[in-house]
Amino acid sequence: MTQKFFYLLFIIIFYTSTARAQQNLNEKKIVRIGVFAPLFLDSVFKGSTLKDTKSIPKFVSSSLEFVQGVQVAFDKLTLNEENVQAYIYDTKSFTKPLSTLVTSHTLDSFDLFIGSVRDADFKQLADLAKDKKVPFLSVTYPNDGGVTDNSYMAIINSTLKAHCEGIYSYILQNHGTDKIILCKKTGAQEDKIAAIFKALNEQDGKPILNIETINADSVSSYGLRKKMDSTKSNIVIGGSLDENFSKSVADACFTNRKTYEIKLIGMPNWDGFKSFTKKDAYKDFSIHFTTPHYAEKNYYNNIFTEAYTEEFSVRPSDMAYKGFDAAYYFTRLLLQYPKNLMDHINEKKFTVLHDYNFKPIFVDGNEDHPDYYENKKLFVMRILNGVIEREW
């Protein structure tokens, strides 16, 4: 992107995003929506000039694309004469960071918080949402951040535990009698993944599926071959978020693919590994992963893609789709149910790019009220010859 383009976006964010959804105010209540993302504009700009005139830093681009998706949502949102004001906040602002917005009571009159935030910003928004009894939708952070006792918070980007549950359910429904191999290395995250699968598989004290485990620093084709069965389909679970280890699992599967029938299912971050998405890598061999975000090819997809491309001269990224979907869906939901949005969080009639399936999460087992809500709707995707498509 050019400096001129980024400067125009800078102006849009700070001067025209408020009340951009509806200009004709009437006596109806004004609905206020806060959108939060780490844009680092004070770090990227010196005054109104982009410090690096060649390119936008990578640590900014994903949040920027998220906000652009949100902007298109409010531009295209049909409000039926409702009054909506949408404010976009840079949580990494030097002069007005999120902590200042909270302590100055700037956010006290809001009706909905939508965030692409993590860590301290995530916790601050969650605490504010609980205090003010305002729904907070965490769009991109796949973690609960240690938050409990907060029935106003919903996590859209499912946690690692939910992904393991989704993979297990998929295998149970489609490959229950096949050979199942879990590949992991030693590590806290990998041990957690293995423990989740073990708990799912032994809920009644004995295993439902016969899952064998390979625990090694890397998986060799020979080591994997010793575990496989030539008379059955072999379902290999890549139980790690580490790219080097995951690549060793994929390499071992690819080497054995002509002798054994193999399906490889990895973790939700595998779609971000460049070694898997190259067109010529693992030719004609599928690598699978799960995701809660899927842009169905429908009316909303068409209007968003066209509007985004026209506005920004590039096709929308995954982050842009996430921003658009969340802003469009939850704004419509808020307008329909201004007092009790959380009670209607799975309304199918407001579906934009895909359905949600929010479930109450009870961290401590006390089911009097949920600690938060989590989206359990997952899609099984496959990467084949560099192309990502939905399988299930």
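Visitor: What makes the length of helix α9 close to the expected one?

Guide: Helix α9, residues 243-256, has 14 residues and reaches 20 Å from its first C-alpha to its last, close to the 20 Å expected at 1.5 Å a residue. The expected span is 1.5 Å times one less than the number of residues. Helices (H or I, at least four residues) and strands (E, at least two) are DSSP runs, numbered from the N terminus. This is a predicted model, in which local features need pLDDT of at least 70, side-chain atom pairs count only at pLDDT 80 or more, and totals for chains, interfaces and linings use all residues. Residues are numbered from 1 along each chain as its sequence is written, and side-chain values use heavy atoms, with hydrogens and water left out.

Visitor: Why is D242 said to cap α9?

Guide: A side-chain oxygen of D242 lies 3.3 Å from the backbone nitrogen of N244, at the N-terminal end of α9. A polar contact is a pair of N or O atoms within 3.5 Å, one able to donate a hydrogen and the other to accept it within protein; residues adjacent in sequence count only if both atoms are side-chain atoms. The 3.3 Å value therefore lies within the 3.5 Å limit.

Visitor: What is the strand order of the open sheet?

Guide: Its 7 strands follow β4-β1-β5-β6-β7-β14-β13, with mixed pairing. The edge strands, β4 and β13, each pair on one side only.

Methods
Pairing = 2+ DSSP bridges.
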